[in-house]
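Hi there,

Here is the structure I promised to pass on, with my notes below it. Have a look at it first, and then read on for what turned up.

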Amino acid sequence: MTTMITTQHRLTLVALAALILTSLTLLSVPAHAIGLDYESRSISHAIRQEPPDLNTTTSTDTTSSMVLDHVMEGLLAYDRDNNLIGGVAERWELRDDGATFWIRKGAKWSDGSQITAHDFVFAWRKVLEPANASEYAFILFPILNAQAINEGKMPSHQLGVRAVDDYTLEVTLFQPCPYFLGLTAFSVLFPVKESFYQSRGERFAADAEDMLYSGPYIITEWVHGASIKMEKNPHYWRKDEIWLERIDIPYITEDANARMNLYRDNNIALADELVAESLQGALQERMQIKTFLDGAVFFIEFNFRDQHVTRNHNLRKAIQSVFNTDDLVYKVLGNPGSYPAYSLYPRWIKGVNDLYKREYPPIKPQLNAERGRQYLEAARKELGVDRIPPLTLLADDSPNGQKTAEYLQTLLKQNLDLDIRVDVQIFKQRLAKMTAGQFDMVVSGWGPDYDDLLTYGDLFLSHNLNNRGRYKSDEYDRWVGVAQSSLDTRERMDAFNELQKIMFRDVVIVPLYERGKIFVQHPRLKGVVRRAVGGDPNFNFATIEPPAGTAR
Amino acid sequence: MIEFILKRLLSGVITIWFIATATFVGMHMVPGDPLANAKAMKPEIRRNIEARYGLDKPVWHQYGIFMGNMLKGDFGISFTQKNRHVNDIIREHFPVSALLGVMALVIATAGGIVWGALTAVYRDRWPDGVIMFLVVIAVSVPSFVFAMLGQLGILAFNDLVGASLLPVAGWGTFSHMLVPALVLGLGTMAYLTRLMRSSMLEVTSADYIRTARAKGVSPLRIFFKHQLRNAILPVITVLGPSIAAITTGGFVVELVFAIPGLGRYFVQAVQQLDYTVIMGTTVFYGAFLVVMVLVVDILYGFIDPRIRVAKSAA
């Protein structure tokens, strides 16, 4: 009995000592990140989710884009004002039937080897190979034979891309593609070095050491779900223009309040995508709250399929006549940073020489409930019914989706005595019902895939799969054809304006709002670039001002 | 004993098979399309992706493939994290959840036993009232509220001392775990407190306590040697399921404190209909629960001599 007790005691003592020792060792490690540091030229940032896919040939999401845009560079790149400039290519030429890119001598991979034209040929073929299952493969379809390769009808070496020599890349286009240069700055068209890809096999881009970098930074550490560390790439050809030495991402959380708290504790330099609730504290502490439009435009889409009363033009006109987007945005949604939308085209998009909305202002509907009721009366007669049957309004279960649906329900009842059945679904199910055509109206949205107005303009093309209301107009399709193939900017912008007018005239959509992101940023952090297309935010041009009292 | 363990293991395997099958069926019955994205896919592109994940085959065939791979211990590639095997996700993130869970459980068990014993000793007096009131709060307030309050508390604390002593969020050191573990363990602690209280009260009126008192054993010795030891038994019974609940139920805490645990992946997988991750994590957690319950049953025998005696007598 005595011996047993002593053994027990001894065990307890050992366990206690071990516990105390481990706690002490663990505690001695610095436990928190520092938002920004001028001396070491480093910043910390928090992202919403683990980057799902850093393989450039398959990646589609914005978080991965954000990381990729720091560590990779394509033929062309964006400068701090979001203008296209030379990247790996130092010269280029775009023609009706193709393009030529001259690769910069001295543009190197992070292993020190030269980036060659072959790396682009390999990457683009890989994107299109059916086994690679790339969702964004369609972006390459303007290239000769691309679609046939992706459908498995042709081997990938027949793609219209050729390395004339190490420094010359020759592209053959199957149809004119006025926005092709912009595509080359997009991650799907980034280079991949064949020998490196083969050496990694299935593991390619699965971890930091399974990637080869062509951009300003390299990933030095990637702990899945927890953190990413990026450091300046010593082989990057333009490294002297990159000021920040380190970009740390020590936190990954979808919780906006947590990001705000991290910012308040000076653990991160920028707290992105905040929600209205987390701003209370920020306002009290007199932080400067910033906003930017992320490119997503929201609207009500109608169902043009047979048997849906929303096919009736006068019915849609009636709804357009009573809908007040200003009220929705300012009184109902109340999201700081969002703006009322009057067109499918966002307000920041460029036209010929100026902003598009200044050169081709959208038509704003005249609000008139009396007029609305006249349209409704006409619709009722055309449809041959005593009363318009209840309309199904589909929306997703996001706060904005639900609020919009409820607002619309009340508005249409009050002004037009229309009955609306609101059908709230989770996002994926909302999409499934849209695709199946199970709706009369739907609260929907659209964000850009690439940097050209066409990514918005061709949305209601009759064979576009995203045109889920099945709107069909030969006139619309014709103008999209012009915008797709003309190399003359003025002619293209005119065509986009015709599309804008048709969307209003036919009431293809009722525009709702342009979504804004709210964020707070350390006052000494400068040069952060926000982008609606591709990775956002971008720190490639960021600098830190010295703390007050330090000589420059 | 061996026969008992073997029997339980067999029923465990059947349970896991059932869980896997039920999840597979349920998952495929949930409306929605796992490949659906904001952007519609051209049919040829969709075909390529379906082929990659084997979705082009009939469902029963998919089930067969899944079961075959599961026996080999391979859960496949995630739908949303395109470069990652589900096995890697579990291997990398479960230890985080487990460590946090064990911390939370230690706090919960220690707290539950101490508070529960205290309420029983001070029955119907003010400490009992105060603790039981707090218990009701801890049971009824959802964990995301405590998580948020905990984080704001850290901020206020750091403000007060003028330095970032406790990290607001993140993972990697002991100090990262403290508040999240406390928040995570709070609900279980409250539950254990109540359990401990009632079991203590039951023991107090037992014959052997009266005998001990009559023998003149000191109250302190009665408390530790007789009351506590006997009252702890029911608490240990619920520990098994609690371990599973805590290590799986950390989703909100992991989200708020930016902790790279498996709970986050589990919930996100369900939201995004990530078939392979749903199957992998569910089966893994199911197996984990089965094993934990078994371990507790075996431990139970060691702690309570009466069970061993009953068995050997029979």
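**Helix packing in chain B**

In this predicted model, helix α5 (residues 126-140) of chain B and α7(B) have axes that come within 8 Å and cross at roughly 135 degrees. Angles over 145 degrees would count as roughly antiparallel and those from 65 to 115 as roughly perpendicular, and therefore α5(B) and α7(B) are oblique to each other. The crossing in which α5(B) passes α7(B) is left-handed. On the α5(B) side, the contact is made by B:Ile131, B:Val135, B:Ala138 and B:Val139. On the α7(B) side, the residues are B:Leu186, B:Gly187, B:Met189, B:Ala190, B:Tyr191, B:Thr193 and B:Arg194. Sorted by class, this contact of α5(B) with α7(B) holds 8 nonpolar, 2 polar and 1 charged residues.

Helix α7(B) also packs against α4(B). Here the axes come within 5 Å and cross at roughly 35 degrees, and the crossing of α4(B) and α7(B) is right-handed. The contact of α4(B) with α7(B) has 21 nonpolar, 9 polar and 1 charged residues.

**Chain B as a whole**

What is the secondary structure of chain B made of? It comes to 13 helices and 0 strands, so if you are browsing in a viewer, expect the pattern α-α-α-α-α-α-α-α-α-α-α-α-α along the sequence. The C-alpha atoms of chain B fill a box of roughly 85 × 65 × 30 Å along the principal axes. Of the 314 residues in chain B, 37% are buried. Among the contacts in chain B with a separation of 6 or more, 73% are between residues 24 or more positions apart.

Chain B is divided into domain 1 (1-72 + 274-314) and domain 2 (90-272). Taken over C-alpha atoms, the centres of domain 1 and domain 2 of chain B are separated by 28 Å. How many residues are in contact between domain 1 and domain 2 of chain B? There are 17 residues from domain 1 of chain B and 16 residues from domain 2 of chain B. The side of domain 1 of chain B that touches domain 2 has 13 nonpolar, 2 polar and 2 charged residues.

**Where the chains meet**

Between the two chains, 39 residues of chain B are in contact with 45 residues of chain A. On the chain B side, the elements that give two or more residues are α2 (43-53), α4 (86-121), α6 (143-161), α7 (174-204) and α10 (251-256). The largest share of that side comes from α2(B), with 5 residues. By class, the side of chain B that touches chain A divides into 18 nonpolar, 13 polar and 8 charged residues. Both α4 and α7 of chain B, whose packing is described above, are among the elements on this side.

**Chain A**

Chain A has 17 helices and 20 strands. Its C-alpha atoms fill a box of roughly 95 × 70 × 60 Å, again along the principal axes. Of the 552 residues of chain A, 47% count as buried. For contacts in chain A with a separation of 6 or more, residues 24 or more positions apart account for 66%.

The domain assignment of chain A gives domain 1 (9-48 + 217-288 + 523-544), domain 2 (76-198) and domain 3 (293-515). The centres of domain 1 and domain 3 of chain A, taken over C-alpha atoms, are separated by 40 Å.

Two local spots in chain A may interest you. One is helix α14 (residues 427-436) of chain A, where A:Lys428, A:Gln429, A:Arg430, A:Leu431, A:Lys433 and A:Met434 are buried. What covers these buried residues of α14(A)? The cover includes β15 (391-396), β16 (420-425) and β17 (441-446) of chain A. After α14(A) comes A:Gly437, with a positive phi near 75 degrees.

The other is A:Glu359, which lies in helix α11 (residues 356-359) of chain A. Is A:Glu359 buried, exposed or partly exposed? A:Glu359 counts as partly exposed because it has 15 C-beta neighbours inside 10 Å, whereas a buried residue needs 20 or more. Leaving aside neighbours within four places in sequence, A:Glu359 is in contact with A:Gly351, A:Val352, A:Asp354 and A:Met493. A:Lys331 is 28 residues from A:Glu359 along the chain, and their C-alpha atoms are separated by 29 Å.

Best wishes

Conventions. Residues numbered from 1 in each chain as written. Chains lettered and ligands numbered in written order. Predicted model: local features only at pLDDT ≥ 70, side-chain atom pairs only at ≥ 80, totals over all residues. Domains from an automatic or database assignment. Contact = placed C-beta atoms within 7 Å. Nonpolar A, V, L, I, M, F, W, Y, C, P; charged D, E, K, R; others polar. Helix = DSSP H or I, 4+ residues; strand = E, 2+ residues; numbered from the N terminus. Axes fitted to C-alpha atoms, helices over the stretch in contact; angles between N-to-C directions. Parallel < 35°, antiparallel > 145°, perpendicular 65-115°, else oblique. Left-handed = near helix turned anticlockwise from the far one by under 90°. Buried ≥ 20, exposed ≤ 12 C-beta atoms within 10 Å, placed from the backbone.
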